[in-house]
Every structure is written in structure tokens, then in C-alpha cells.
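Biologist: Please take me through the salt bridges in this model, slowly and one at a time. I would like to see how they sit in their surroundings.

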Amino acid sequence: MSEQIAGWIMERNLRAFLELLSRYVGYAFDDTDWDTDDEKSDGWYSYPLAGTHATLDVSLARSVGSEVMSVSVTGAETPELQLRTDTLLSACAGI
């Protein structure tokens, strides 16, 4: 089992984060992925990105009263995918 890669991003960057992460694993992220039926305003929401290269489990939680999303990713088995995921988290937190 791979290590958890966790951090936070700004909510405005969530779609870009998921789209880029999907490309890394060979998953075709589209509008149907963006339209979820999750109505929870607090707590964690999990979503699998099952691609042709890897399957990642992405968990998200909105920080109450802010535009920060806590993010946890598991399933990044290769050092390259771990680095890409960590770098993407850092980039989406900083912009």
C-alpha cells in the first residue's frame, strides 16, 4: 500500500487539480466527474480516479468558513507519481 500524500489547496483550484491528477493516471476527467451528488458541507468526500496507468483515491474536505480544501491522495505507487502529486498539491495551494 502506498503512502498518503496530503495537504491543502485553494477551492478555486480544485477542478484544475483533479483534471491534472487525472491526466497523470490516464483517467479521462470530464464534466460528469465534476457534477457530484455530494451535499455534505462538512466531513470528507472520497473519489476514485481509476486510470489506465494507476488508480488514485482522492479524499477532500472543505475547511469550515474558508476557501481551503484539505486533500488526501493514496495509490500513488511510483516515485514519479508521488512527486507529481505532491508538487501539484503545493502548486494549487500557492496560487
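**A close look at the salt bridges**

Modeller: The side chains of R15 and E19 meet in a salt bridge, with 2.8 Å from N to O; the term stands for a side-chain nitrogen of Lys or Arg within 4 Å of a carboxyl oxygen of Asp or Glu. This is a predicted model, where local features need pLDDT of at least 70 and side-chain atom pairs count only at pLDDT 80 or more, while totals for chains, interfaces and linings use all residues. Residues are numbered from 1 along each chain as its sequence is written, and side-chain values use heavy atoms, leaving out hydrogens and water.

R15 and E19 are 4 residues apart in helix 1, so about one helical turn separates them. Helices here are DSSP runs of H or I with at least four residues, numbered from the N terminus. E19 is partly exposed, with a relative accessible area of 29%, and R15 is partly exposed too, at 24% (buried is under 20%, exposed over 50%, partly exposed in between, with a 1.4 Å probe and protein chains only).

R15 has a further partner: D31 forms a salt bridge with R15, the closest N and O atoms being 2.6 Å apart. Because D31 lies in helix 2 (residues 31–34) and R15 in helix 1, this pair ties together parts that are 16 residues apart in sequence.

The structure holds 4 salt bridges, and another of them pairs R84 with E80, whose closest N and O atoms are 3.6 Å apart. Both residues lie in helix 3, 4 residues apart, about one turn of the helix. R84 counts as partly exposed at 37% relative accessibility, whereas E80 counts as exposed at 52%.

Helix 1 (14–25) and helix 3 (79–94) each supply at least two residues.
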